[in-house]
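Here are my notes for you, as numbered points. Please have the sequence and the model open while you read.

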Amino acid sequence: MPGGDRSGWYVLFLAAIIPGMHLQGSDESLFAVPNLEDGSDRPVLQPSQVLPQIGTYTLAKPGGELCVKATLGAQYIVTLKKKRWYYNLDPSQVLSSGHCHKEAAVLSLTLRNDAASLQFHFKKEKNTFYVTKLTASLSPLPLCLGCAHKTYSGLVEHDRLFAASFGQSFGCKSANVLHTSSEMSLRLVPLQVQAFSVPGGRYGEDVECLADLNKRVLPIVLGAVVIGLLLIAALTFLLVRDRHGYDSL
């Protein structure tokens with residue numbers, strides 16, 4: 001029996017006898033991946049992309065007043081050998097923590113075993129708040145039998161990310177894809193966040209992101225352009241017709 005056939009039967013045999021194992025096909029081989037149903041709570045990378053669940057996370061000041069409120073869906077995108085794998089953060093498994101000071105705050109979202117984490121670093125400047133740094137890490141189950149565990153981590157440093165005026169919230173229904181490293185990106189969809197002041201625990205007026213603004217305004221602009229072109233064409237036709245009428249006289 002050829003070596004490739006023997007290895008394939010070996011993988012099938014292991015998948016059959018080891019509880020909680022299932023097979024995933026790829027362009028090159030079969031991967032045997034432990035299933036979360038076996039009691040393991042480590043992230044499992046998936047070959048296809050689905051929208052992440054939306055969760056709302058909060059961070060309170062020592063006196064109990066809300067300092068940060070964030071509503072988002074988070075998806076980790078891992079690229080291995082030009083193939084993308086996905087993991088969606090499950091809000092029911094996330095613990096939120098952090099700290100809040102007068103002009104700086106950190107909202108940390110982690111799984112119970114620290115197998116995935118996401119941190120937002122906020123800064124307050126005059127009447128504006130924004131995110132200066134976002135860090136992420138993911139320690140999924142290996143994609144193949146015998147493969148070593150690996151932790152993917154990275155960060156995004158930005159001067160004024162997700163900025164809004166004090167008392168307002170930054171909102172974006174469109175996907176925000178942030179490249180944290182050469183192997184991992186983070187997709188936030190949707191995203192709404194407010195920091196340092198969340199009166200009554202409710203979001204203030206939304207500051208619309210550029211992607212949402214473009215989606216809303218672009219059809220209006222295109223419609224106006226089309227109408228303008230039609231009017232120009234109609235006027236040109238009338239002028240040409242009148243000109244021909246005068247020439248015939």
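1. Let me begin with the cysteines. Counting the bonded cysteines of the chain in sequence order, the pairing runs 1-2, 3-4, 5-6. Three disulfides turn up when the whole structure is searched, a disulfide being a pair of cysteine sulfur atoms within 2.5 Å.

2. A word on the basis of these notes. This is a predicted model, in which local features need pLDDT of at least 70 and side-chain atom pairs count only at pLDDT 80 or more, while totals for chains, interfaces and linings use all residues. Residues are numbered from 1 along each chain as its sequence is written, and side-chain values use heavy atoms, with hydrogens and water left out.

3. Please look at C67 and C100, which are joined by a disulfide with an S to S distance of 1.9 Å. This pair links distant parts of the chain, with C67 in strand 4 and C100 in strand 6, 33 residues apart. Strands here are DSSP runs of E with at least two residues, helices are runs of H or I with at least four residues, and both are numbered from the N terminus. The torsion about the S-S bond of C67 and C100 is about 70 degrees, so this disulfide is right-handed. How accessible is C67? C67 has a relative accessible area of 0% and is therefore buried; C100, at 16%, is buried as well. Buried means under 20% relative accessible area, exposed means over 50%, and partly exposed lies in between, with a 1.4 Å probe and protein chains only.

4. The disulfide of C144 and C147 has its sulfur atoms 1.5 Å apart.

5. With 65 degrees about the S-S bond, the link of C172 and C209 is right-handed. This pair also links distant parts of the chain: C172 is in strand 11 (residues 169–172), and C209 is in the loop between strand 14 (206–208) and helix 2 (210–248), 37 residues apart. C172 is buried because its relative accessible area is 4%, and C209 counts as buried at 5%.

6. Which order do the strands of the open sheet take? Five strands form this sheet in the order 6-7-8-9-10, with antiparallel pairing. Strand 6 (94–100) and strand 10 are the edge strands, each pairing on one side only. On average, neighbouring strands of this sheet are turned by 15 degrees against each other, direction ignored; the axes are lines fitted to C-alpha atoms, for helices over the stretch in contact, and angles run from 0 to 180 degrees between N-to-C directions.

7. Strand 9 (residues 128–138) deserves a paragraph of its own. Nine of the eleven residues in strand 9 are buried, so to speak a mostly covered strand. Strand 8 (residues 116–125) and strand 9 run antiparallel and are joined by ten bridges; two strands pair if DSSP finds at least two bridges between them. Q119 has T135 of strand 9 as its bridge partner, and H121 stands opposite K133 in strand 9. Strand 9 also pairs with strand 10 (residues 152–165), in the antiparallel sense over nine bridges. There, V156 in strand 10 is the bridge partner of L134.

8. Some backbone details are worth a check on your screen. K126 sits in the loop between strand 8 and strand 9, a hairpin with two residues between the strands. K126 has a positive phi of about 55 degrees although it is not a glycine, and K126 is exposed, with a relative accessible area of 76%. K81, in the loop between strand 4 and strand 5 (83–88), is not a glycine and has a positive phi of about 50 degrees. K81 is exposed, with a relative accessible area of 76%. The peptide bond from V189 to P190 is cis, with omega near -15 degrees, and P190 lies in strand 13 (residues 184–195).

9. The largest nonpolar core has 46 residues, of which Y76, L118, F120, F122, F162 and L188 touch the most other members. Strand 4 (residues 66–80) gives the most to this core, with seven residues. A nonpolar core is a set of buried Ala, Val, Leu, Ile, Met, Phe, Trp, Tyr and Cys residues joined through side-chain atoms within 4.5 Å.
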